Amino acid sequence: MVGRGVDERPVGIDELLERVRAGYERIEPREAYEATQGGEALLVDIRYAALRERDGLIPGALVVERNELEWRLDPQGSHRAPEATGHDLRVVVICNEGYASSLAAESLRRLGLSRATDLVGGFQAWRAAGLPVTSVQGADV
């Protein structure tokens with residue numbers, strides 16, 4: 001993650017986000033939807049359980065708690081998810097509003113997942129765009 005070097009001043013979270021996001025291209029909800037429909041991207045939902053239960057799920061998204069993300073998506077890791085097929089995998093990280101996902105995408109990029117990105121506006125932007133959402137129990141919401 002972009003951070004402090006020995007001679008750098010401390011940065012706040014807003015500046016850190018700006019630096020991180022300058023290092024890759026983020027993706028809009030409709031583009032992410034089309035990429036997943038074409039089998040070109042893996043959506044990874046890192047929202048915590050209470051938000052998933054409250055707001056629902058994106059059909060087909062891999063749910064991985066944020067604290068497990070690197071272990072589950074490292075293609076070389078012993079705890080990797082079956083979907084973590086290689087470093088060239090296009091991963092789109094989704095949090096609730098598109099902030100934590102930026103830091104998570106940067107962490108994945110540092111693991112060698114050079115195509116990792118995050119969803120602008122997060123799950124809330126996905127839902128506002130009218131894209132598919134199901135309840136935790138599986139019914140459309």
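1. Is Asp88 buried or exposed? Asp88 is exposed, because its relative accessible area is 56%, and the cut-off for that class is over 50%. The model is a predicted one, so this value, like the others below, is computed from predicted coordinates. Asp88 is found in the loop between α4 (69–73) and β3. From Asp88 to Gly122 the separation is 34 residues in sequence and 22 Å in space, C-alpha to C-alpha.

2. Overall make-up. The protein chain contains six helices and four strands. Along the sequence they come in the pattern α-α-β-α-β-α-β-α-β-α. Taken along the principal axes, the C-alpha atoms fill a box of roughly 55 × 30 × 25 Å.

3. Overall size. A compact globule of 141 residues would have a radius of gyration near 14 Å, and the 15 Å of the protein chain agrees with that. Of the 141 residues, 43% are buried. The protein chain exposes about 7,600 Å², and carbon and sulfur atoms supply 48% of that area. Among contacts between residues at least 6 apart in sequence, 64% join residues at least 24 apart.

4. The sheet. Four strands form an open sheet in the order β2-β1-β3-β4, and the pairing is parallel. Its edge strands are β2 (62–63) and β4, each of which pairs on one side only. Strand β1 (residues 42–45) is joined to β3 by four bridges, and the two run parallel. Within that pairing, Leu42 has Val91 in β3 as its bridge partner. On to the next pair: β3 and strand β4 (residues 117–118) are parallel and share two bridges. There, Val93 stands opposite Asp118 in β4.

5. Strand β3. Which residues of β3 lie on each of its faces? In β3 (residues 91–94), Val91 and Val93 are on one side, while Val92 and Ile94 are on the other. All four are buried, and both faces of the strand are covered. The general rule is that side chains in a regular strand alternate between the two faces of the sheet.

6. Helix α1. The buried residues in α1 (residues 13–21) are Leu16, Leu17 and Val20. They are on the same side of α1, because they cover an arc of only 100° around the axis. In general, an α-helix has 3.6 residues a turn, so residues three or four places apart point the same way. The cover over the buried residues of α1 includes α5 (100–110). On the face turned away from the buried side, α1 carries the exposed residues Asp14 and Glu18.

7. Salt bridges, in number. The count comes to nine. Arg9, Glu15 and Arg19 are linked in a network of them. Three further pairs are taken up in the next points.

8. Arg47 and Asp45. Their side chains meet in a salt bridge, with 2.7 Å from N to O. Where does this pair sit, buried or exposed? Arg47 counts as buried because its relative accessibility is 2%. Asp45, at 0% relative accessibility, also counts as buried. The cut-off that decides both cases is under 20%.

9. Arg54 and Asp55. These two form a salt bridge in which the closest N and O atoms are 2.8 Å apart. Arg54 is exposed, with a relative accessible area of 55%, whereas Asp55 counts as buried at 8% relative accessibility.

10. Glu70 and Arg66. The closest N and O atoms of this salt bridge are 2.9 Å apart. Glu70 is buried, with a relative accessible area of 14%. Arg66 is partly exposed, with a relative accessible area of 28%.

Key: Residues are numbered from 1 along each chain as its sequence is written. This is a predicted model: local features need pLDDT of at least 70, side-chain atom pairs count only at pLDDT 80 or more; totals for chains, interfaces and linings use all residues. Side-chain values use heavy atoms; hydrogens and water are left out. Buried means under 20% relative accessible area, exposed over 50%, partly exposed in between (1.4 Å probe, protein chains only). The arc is that of the directions from the helix axis to the C-beta atoms. Contact means heavy atoms within 4.5 Å. A salt bridge is a side-chain nitrogen of Lys or Arg within 4 Å of a carboxyl oxygen of Asp or Glu. The radius of gyration is taken over C-alpha atoms; the globule rule is 2.2 Å times the number of residues to the power 0.38. Accessible areas come from the Shrake-Rupley method with a 1.4 Å probe; for residues, only the protein chains shown count as cover. Two strands pair if DSSP finds at least two bridges between them.
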